[in-house]
Amino acid sequence: MTPTATPKRIAVIPGDGIGKEVIPEAVKVVQAAVAHAGTKLEITNLDWGADRFLRDGTTLPADAPEMFRRDFDAILLGAMGDPRVPSNQHAADILLGLRFKLDLYVNVRPCVLLDPRLTPLRDRTERDINFVVFRENTEGSYVGMGGIFKKGTPDEIALQEDVNTYKGVERILRYAFEYARSNKLTKLCMSDKSNALAFGHDLWQRLFKKMRTEYPEIQSSHQFIDNLLMQIIRDPSQFQVIVTCNMFGDIASDVGAQIAGGLGLAPSGNIHPGQVSMFEPVHGSAPTIAGKNEANPMGSALTGAMMLDYLGLPDAAKRIEAAVRSALKEGKTTPDLGGSLSTRECGDWLANFLAK
Ligand code: ATP
């Protein structure tokens, strides 16, 4: 392994709930993996989340995007959400704020079965469940455009706009096609609801049809989102790369996470290629199990692996994945996967495995 001289600068935001328990474990695991590669990580902890918001009203400081671009290579985030903040204002400001303000337009969610015992689907093995969902991350229905008129009356009107731009759709499609090409994957499926959303998703259709001609070696197909979700359950082996809009990607990747072992195992990345990007487990703050030292840290550890891969340390990333596979095989897991380890014990097991 070639030692890398320049340290990687990582901002760590554990956030709320189980984020505060699983992220320290992920940091431990990531440190153990890079120590082996001779690379240093410079970790800076940021205490943004519900506690800080309730103390002094801080959500996302105005200079945060500039600070991240200037001072950091990546952000590792836990989860945002706390029952004490019913408006969820801090979560929206921090999470959506970072995605939008850093223009992290690619949301990557791999759905990879690491152990056949973990899928609820019958007779499926690792070979059948191995695909990645690319979700457009800066547009669609999640931009917060709209309004409410005559709120609380029987005449109430609630409007929620769905924003699709040429630039936004083209760049996520391009990213997915290029990913397939550079990883020698031959199957790409674009999903939309253009039969009902006749304007926004017509744009997806037109750009997809144009772009697929540039990638003749890739078998590109199209499925409406309702059919896609059925097909993922019926026969997940037909998928390698899925690309879709913000809301449908949110939903499809949760379905994918379930058939690959559940939320406790699922990693994700929010990426702007070549720029500071943010990595977070798919799960949220899970208030029902927070503070009990029983949350599964593997999703965060795999998120750390994805971050290292993005930072140009693919060997360290692969070693983390191998450690998680071994832990699963040996039953060294938290209760959600049938084991008896605590969050900390599971993190220790992975870190010790990597230190060997
Ligand atoms: P939020 O509002 O922040 O999204 P949530 O509880 O609505 O939180 P998730 O955090 O995604 O949603 O979790 C849903 C449920 O899945 C949890 O209540 C918990 O039972 C389970 N879960 C999620 N993540 C984990 C994990 N890392 N380990 C074990 N169980 C988990």
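Ten strands of the predicted model form an open sheet with mixed pairing, in the order β2-β1-β3-β12-β11-β4-β5-β10-β8-β9. Strands (E, at least two residues) and helices (H or I, at least four residues) are DSSP runs, numbered from the N terminus; two strands pair if DSSP finds at least two bridges between them. The edge strands, each pairing on one side only, are β2 (41–45) and β9 (219–224). On average, neighbouring strands of the sheet are turned by 20° against each other, direction ignored. Such angles run from 0 to 180 degrees between N-to-C directions, and the axes are lines fitted to C-alpha atoms, for helices over the stretch in contact.

Within the sheet, β4 (residues 106–112) and β5 (residues 130–136) pair in the antiparallel sense over seven bridges. Pro 110 has Val 132 of β5 as its bridge partner. Helix α1 (residues 19–37) packs on the sheet and touches β1 (8–15), β2 and β3 (74–79), where contact means heavy atoms within 4.5 Å. The direction of α1 makes about 145° with that of β3. Helix α5 (residues 166–182) also packs on the sheet, touching β4, β5, β8 (187–192), β9, β10 (241–244) and β11 (267–271). Its direction makes about 160° with that of β5.

An oxygen atom of the ligand is 2.9 Å from a polar backbone atom of Gly 284, and an oxygen atom of the ligand is 2.7 Å from a polar backbone atom of Ser 285. A ligand nitrogen atom is 2.9 Å from a polar backbone atom of Asn 296.

Asn 296 is also in contact with Leu 337, a residue of the loop between α10 (314–329) and α11 (343–355). The C-alpha atoms of Leu 337 and Gly 261 are separated by 8.0 Å, with the two residues 76 residues apart along the chain.

Residues are numbered from 1 along each chain as its sequence is written, and side-chain values use heavy atoms, with hydrogens and water left out. For this predicted model, local features need pLDDT of at least 70 and side-chain atom pairs count only at pLDDT 80 or more, while totals for chains, interfaces and linings use all residues.

Definitions and conventions
Polar contact = N/O pair within 3.5 Å; in protein donor to acceptor, adjacent residues only side chain to side chain. Lists of a residue's contacts leave out its neighbours within four places in sequence.
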